[in-house]
Amino acid sequence: MTTDPPATGGLVADRRHRRLGIRDAVRMDRERFVAHFGGVFEQTPWIAGAAWDFGPYASVAALHRAMVAAVDAAPRDVRLALIRAHPELAGRAAIAGALTRESAREQAGAGLDRLTPEQHARLLTLTAGYRARFGFPFVVCVREHTADTIIASADARLAHDPDEEERAALAEIAKIAELRLADLVTDDQRSPA
């Protein structure tokens, strides 16, 4: 369940700009491609650069798979840096207005900017415990959740072992990236035969 899907007709619902077609995206030079898609994975533009190196792509799904493959092929310390690039949910950066545009929109869409004091306290307790246990922030694809299901997920994932949780965090990041990519680019429409 996403709260902010791309609008019909190729317009991104929250930004009112036209999404690129995949053919236009793969025709970009590397610098433009990285500038355009560098935020798909939170503050980690090298992933867009790695995907460009192995393109071009015939579909958005193929581009996403290439980006995820770049993450999977990266050394563990680089994958952990990607996880650590994500902000704490409803944390200091959110309160200070220092989130990336994408993260701010996603957290607001899940209602994390409208938590009750009890929800906020519970989420902060869980995410602090999570960071202490795993060494990185709790990452979840908030566009698939509500505030209550995010809190429940944080509570449940605290029981994971570290390797399992690293895989879970990376899987959530792949979902986030897939939705962000869909906000930016669409498969080209085929002309009727």
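Which elements do the buried residues of helix 4 pack against? They pack against helix 1 (22-26), helix 2 (30-37), helix 3 (46-53), helix 5 (76-84), helix 10 (162-184) and strand 2 (185-186). Helices here are DSSP runs of H or I of at least four residues, strands are runs of E of at least two, and both are numbered from the N terminus.

Some ground rules. This is a predicted model, with local features needing pLDDT of at least 70 and side-chain atom pairs pLDDT 80 or more, while totals for chains, interfaces and linings use all residues. Residues are numbered from 1 along each chain, and side-chain values use heavy atoms, without hydrogens and water.

The buried residues in helix 4 are V60, A62, L63, H64, A66, M67, A70 and V71; buried means under 20% relative accessible area with a 1.4 Å probe, protein chains only.

Now helix 2 and helix 3. They pack at about 135°, axes 8 Å apart, the axes being lines fitted to C-alpha atoms over the stretch in contact and the angle running from 0 to 180 degrees between N-to-C directions. R30, F33, V34 and F37 of helix 2 meet A48, G49, A50, W52 and D53 of helix 3, contact meaning heavy atoms within 4.5 Å.

Last, G49 in helix 3. G49 is buried, at 2% relative accessible area. Leaving out residues up to four places away in sequence, G49 touches R30 and V34.

How values were computed: Buried < 20%, exposed > 50% of the residue type's maximum accessible area, 1.4 Å probe, protein only.
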